[in-house]
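Have the coordinates open while you read.

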Amino acid sequence: MSAYEVNFDGLVGPTHNYAGLSFGNVASTNNKNVVANPKLAALQGLEKAKALADMGFKQGILPPQERPCIATLRQMGFSGSDADVITQAATKAPRLLANASSASSMWVANAATVSPSADTLDGKVHFTPANLNNKLHRSIEHEQTGRALAAIFTDARYFAHHPALPMHESLGDEGAANHNRFSANHGQSGVELFVYGQHYFSDTPKPSQFPARHSLEASQAIARLHGLSENNTVFLQQNPDVIDQGVFHNDVIAVSNGPVFFHHQDAFLHQAPAFDEISRKLAQYECEFHSIEVPRDQVSISDAVQTYLFNSQLLTKADGSMMLVVPNEAREHPGVWTYLQELIATSSFIKEVQVFDLRESMRNGGGPACLRLRVALQQNELDAVNPHALMGDQKYRQLVAWVNTHYRDRLSEQDLADPQLLLECRTALDELTQIMQLGSIYPFQLG
């Protein structure tokens, strides 16, 4: 049976702005208070998804969330009408309003961890939304994420959905941004690599400047929930020193595809034994592990963070070769671009580089890999996916028209105080549920 990796890209929400909420994310911090363009951000993301679909890759869309999140603001003691809640929060606690208004759900690499049916004990695709409890603005996403995933992957014969892990830092879970999978092809059993920032209940090394958002304990819990065995799981710690240099997720320093791992020399602690373990476990599936290590003397950690070289998509083309999808910032950096030209000239696997302009997302610290959730599906599983969530010519035209109708082309943090923005968001999302046939996944009601 045929199998595919389907990349579900996050649709940028109408409240996309630069409030600088993500401590440890260098771009987010550095671009605080820059005026954003939500319309352009959404169109840039859609353009990438459509271009990859036109190249023959399977593409889907995940919807944005309602923002500002009025339920969260009410939990914090603001009351009255929804407009009153926004006005009170803007006056008394503007940073709380900024957190409740973030469009960060666009970075769906953090939406969930997904294990394909080839790896799981019950032969189903398993989804666990990430609790993202290290950041307030992201910790409020997981329930809506779960509803959206359940509306797209509905058939219980093929899909299993779990709630997010408990909201405690010992179980900090940042989703697929710290999850990699290796296999000969997307339909064959493989090895799932869980990368974590800290072993919470131990005295092992931890970063000193920025938080280690993801714990070993969370990764182990996800592996148990998904019915993974010891034979197809490996756990590996990020290098705390690179976390302190702005590598807040593994997908800022590494990306996998098939049997290939493209990563920086300084990405991990105890790399050699972990790679030996991956190789040994992959061998049982008649698959050979291949590491492409980028030396620090060719690309520094600073360069990797600035250009998001590793926050790229590594995709297998129809001819079996691989293509690396990078943001325009990688092309604009002479040293990184030189390295990429050398890579495609010499690599046995990566033969092409595709560049996309994602500057609106990049200014908040999200590149091509942040904007997509990878889901490996057998053909019968793909047939069971809500077809209205899959990218095609008509869906692209519908979504572009939808964005052009509902989105502003200028948004600052001060604009979040406008109650009209909530109405605009709700009106847009109400129409989107009809375009994508998602049902009543949002808690609000219009009219």
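1. In what order do the strands of the open three-stranded sheet with β2 in it run? The order is β2-β1-β15, and the pairing is mixed. Strands pair here if DSSP finds at least two bridges between them; helices (H or I, at least four residues) and strands (E, at least two) are DSSP runs, numbered from the N terminus.

2. Before going on, some housekeeping. This is a predicted model, with local features needing pLDDT of at least 70 and side-chain atom pairs counting only at pLDDT 80 or more, while totals for chains, interfaces and linings use all residues. Residues are numbered from 1 along each chain as its sequence is written, and side-chain values use heavy atoms, leaving out hydrogens and water.

3. Back to that sheet: its edges are β2 (58-62) and β15 (372-378), each pairing on one side only. Neighbouring strands are turned by 30° against each other on average, direction ignored. Strand β1 (residues 3-10) runs parallel to β2, joined by five bridges, and Phe8 has Gly60 of β2 as its bridge partner. Helix α2 (residues 38-54) packs on the sheet and touches β1 and β2, its direction making about 155° with that of β2. Axes are lines fitted to C-alpha atoms (for helices, over the stretch in contact), and angles run from 0 to 180 degrees between N-to-C directions.

4. There is also an open three-stranded sheet ordered β9-β10-β11, again with mixed pairing. Its edge strands, β9 (254-257) and β11 (290-294), each pair on one side only, and the twist averages 15° from one strand to the next.

5. Now the cores (buried Ala, Val, Leu, Ile, Met, Phe, Trp, Tyr and Cys joined through side-chain atoms within 4.5 Å; buried means under 20% relative accessible area with a 1.4 Å probe, protein chains only). The largest has 84 residues, and those with the most contacts inside it are Phe153, Phe159, Val375 and Leu377. Apart from it lies another core, of 21 residues, including Val260 and Leu343.

6. Last, the cysteines. A search of the whole structure turns up zero disulfides (cysteine sulfur pairs within 2.5 Å). Cys287 counts as buried because its relative accessible area is 9%, and Cys370 is buried too, at 4%.

Terms used
Buried < 20%, exposed > 50% of the residue type's maximum accessible area, 1.4 Å probe, protein only. Contact = heavy atoms within 4.5 Å.
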